[in-house]
Amino acid sequence: MKNATVRTSMLIALLALMTIGLNAQGLYWESEVSGEKMDGKEVMKTWYMPKMLKIETGNDGDYAILRLDQEKMYMIRAKNKTYSVMTFAELEAGVKQANAQLDQMREQLKNMPAEQRAQMEKMLGMSGGSDAKASVKKLGEARTVSGYPCTRYKILKGTDEFADLWVTRGIKGFDAMRGDLQAYSKRMASLNPRMGEDLGQAMEKIDGFPMESTAMGMKTVVKKVEPRTTPASEFAPPAGFSKVDMKEMSGQ
């Protein structure tokens, strides 16, 4: 599995964690995404309906579809009119492979001087250790993000900060459903040593929709959000697109 596919898959997993509790009637939002390893900023558009998620990033029109009801993820390449599909089981196998590589890196780090090793572990998100438990800390800070009053939360893995969130209770219909994405998010979190099985449980304690989040080297700020009912046809590969292997699409 190519790095781009793994990065997209983990971004979706992280988004699923962040959106536990969304309204099952549908939601649409636009976010500005930036990061240390990104050239400038990207606009991410997200459409949500029960058990379905569509995420479009960049300006090329490519997007990913997450179907919880089918246990599949689709990658759509608009310019080439192609798409590929990966089952959750295949995605998990790719994550396990990435985990094995991470374990090898841990072994290599053992031979480094202590100070250098500590810096590398922190950069790679290893310093909390795979056994570090996730916890949530609600801070007494408040600010407005994109017109919504927000409260600050921090997610910790052991003593290390995993995510910094500003969440709001101002999204209409937020409390309609809380369990739609839990199964997938917990499933993915348990496979990733940077997350852990307990991260999904910790996220359930955050009371609100994340308007701003910083995690895994990426900062996401929601600029626009609105209730919206999206047709089911938007969560399937477009008619006339050709199916290609996921590895072939990654190679493009």
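This is a predicted model: local features need pLDDT of at least 70, side-chain atom pairs count only at pLDDT 80 or more; totals for chains, interfaces and linings use all residues.

User: Are the planes of tyrosine 28 and tryptophan 47 stacked, tilted or edge-to-face?

Analyst: A ring pair is described by the distance of the centres and the angle of the planes. Here the centres of tyrosine 28 and tryptophan 47 lie 5.2 Å apart, with 50 degrees between the planes. Stacked needs under 30 degrees and edge-to-face over 60, so this pair is tilted.

User: How many residues apart in sequence are the parts that this pair ties together?

Analyst: Look at where each ring sits. Tyrosine 28 belongs to strand 1 (residues 27-35), while tryptophan 47 belongs to strand 2 (residues 42-49). The pair therefore ties together parts whose separation in sequence is 19 residues.

User: Tryptophan 29 also forms an aromatic pair, so which residue is its partner?

Analyst: This pair is edge-to-face, at 5.4 Å centre to centre and 85 degrees between the planes. Tryptophan 29 lies in strand 1 and its partner in strand 10 (residues 209-215), so the pair ties together parts 180 residues apart in sequence. The partner is phenylalanine 209.

User: Which residue has its charged end over the ring of tyrosine 28?

Analyst: To count, the CZ of an Arg, for instance, must be within 6 Å of the ring centre and within 35 degrees of the ring normal. Here the charged end is 3.9 Å from the centre of the tyrosine 28 ring, and it belongs to arginine 228.

User: Is lysine 81 buried, partly exposed or exposed?

Analyst: First, find lysine 81 in the loop between strand 5 (72-77) and strand 6 (82-87). Its phi is positive, about 55 degrees, although it isn't a glycine. Its relative accessibility is 52%, and the cut-off is over 50%, so lysine 81 counts as exposed.

User: And what about methionine 216: buried, partly exposed or exposed?

Analyst: Methionine 216 is in the loop between strand 10 and strand 11 (218-227), and its phi is positive too, near 55 degrees. Its relative accessible area is 23%. Buried would need under 20% and exposed over 50%, so methionine 216 is partly exposed.

User: What distance separates the C-alpha atoms of serine 34 and glycine 217?

Analyst: Serine 34 is in strand 1, and the residues it touches include Gly217 and Met218. Along the chain, serine 34 and glycine 217 are 183 residues apart, yet their C-alpha atoms are separated by 8.7 Å.

Technical notes: Residues are numbered from 1 along each chain as its sequence is written. Side-chain values use heavy atoms; hydrogens and water are left out. Rings of Phe, Tyr and Trp (its six-membered ring) pair if their centres lie within 6.5 Å; planes under 30 degrees apart count as stacked, over 60 as edge-to-face and the rest as tilted. Helices (H or I, at least four residues) and strands (E, at least two) are DSSP runs, numbered from the N terminus. Buried means under 20% relative accessible area, exposed over 50%, partly exposed in between (1.4 Å probe, protein chains only). Contact means heavy atoms within 4.5 Å. Lists of a residue's contacts leave out its neighbours within four places in sequence.
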